[in-house]
Amino acid sequence: MKMAVRLPPRLFSPATAKAESTAKLCISAVSSVGEGIVRAMSSPPPASYTTLKERATCEREIKRSKFIAIAAPISDERSAHSFLSEVQDLRASHNCWAYKLGDQYRSNDDGEPSGTAGKPIYSAIVSSGVDMVMVVVIRYFGGIKLGTGGLARAYGGVALECLKGATTCFVKPKVPLGMEVPFELVGPVYHQLQSFHVEDIKQDYDTGKDGFTMLTFRVDHEKIEDLENAINSTCSRKIGFYKQ
């Protein structure tokens, strides 16, 4: 069931409307099982992916209805909720959306006929080849009905046009790893970690076996095997990695 909240005419809702916006998102997520919501399970980001470098917008008028697409990179479901809360316009006829987070994806028709808005937006994300992205398409009804096919073409078309005009970037997330290191080998191991430009190195003397310390860090996926070989060669013994 769609919430009706009247706000002054503007695209971006003011901060005082965020509570209502968030409530609308939650209600939509629960009530729109028949409106295209798919795969609510969380999943880690892909090993590497192309995403948007920054937000992008696109506006089109189709048979007197105004469609405004806003696309942005997102990192998780919480950032998707935050993005929707920020950009949706509760004065508009519909705020339809879709996002993709690796294997996790969701879409919502926000009152449009089932499958005519959220799913075409999601298809636009997939066909554009980007990931970790959300697209919100805001519609202001102009008085002329478009029909189911017309709606699908309108929502999918403006979303795809928005994504095609966006600036993209290639991302290689670092993998969180850990290992048990004997006290006497901490120095040589640290040297190898630094030479491979790992990040977030942390040391824990309270966890692990006696005489060992736990080291955790983040490293590029493609460097894991070479780093492990370098450490084992330097230490003249097998020190295995484990994923956190």
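Visitor: Of the contacts in the protein with a separation of 6 or more, what share falls to residues 24 or more positions apart?
Guide: A contact means heavy atoms within 4.5 Å. Among contacts with a separation of 6 or more, the share from residues 24 or more positions apart is 73%.

Visitor: What kind of model is this, and which pLDDT must side-chain atom pairs have to count?
Guide: Residues are numbered from 1 along each chain as its sequence is written, and side-chain values use heavy atoms, with hydrogens and water left out. The model is predicted: totals for chains, interfaces and linings use all residues, local features need pLDDT of at least 70, and side-chain atom pairs count only at pLDDT 80 or more.

Visitor: How many helices and strands are in the protein?
Guide: Both are DSSP runs numbered from the N terminus: helices are H or I with at least four residues, strands are E with at least two. The protein has six helices and eleven strands.

Visitor: What percentage of the residues is buried?
Guide: Buried means under 20% relative accessible area, with a 1.4 Å probe and protein chains only; over 50% is exposed, and in between is partly exposed. Of the 244 residues in the protein, the buried part is 45%.

Visitor: Which elements do the buried residues of α3 pack against?
Guide: Helix α3 covers residues 118-128, and G118, P120, I121, Y122, A124 and I125 are buried in this helix. After α3 comes G129, with a positive phi near 80 degrees. The buried residues of α3 pack against β4 (94-101), β5 (104-108), β6 (133-140) and α4 (147-164).

Visitor: How many bridges join β2 to β3?
Guide: Strands pair if DSSP finds at least two bridges between them. In this hairpin, two residues lie between the strands and K63 has a positive phi near 50 degrees, while E59 stands opposite I68 in β3. Strands β2 (residues 56-62) and β3 (residues 65-73) run antiparallel, and the number of bridges joining them is seven.

Visitor: Is the pair of F217 and F241 stacked or edge-to-face?
Guide: Rings of Phe, Tyr and Trp (its six-membered ring) pair if their centres lie within 6.5 Å; planes under 30 degrees apart are stacked, over 60 edge-to-face and the rest tilted. There are four aromatic pairs, and one of them, W97 with Y99, is stacked at 5.9 Å centre to centre and 5 degrees between the planes. F217 and F241 are both buried. Their centres are 5.7 Å apart and their planes at 80 degrees, so the pair is edge-to-face.
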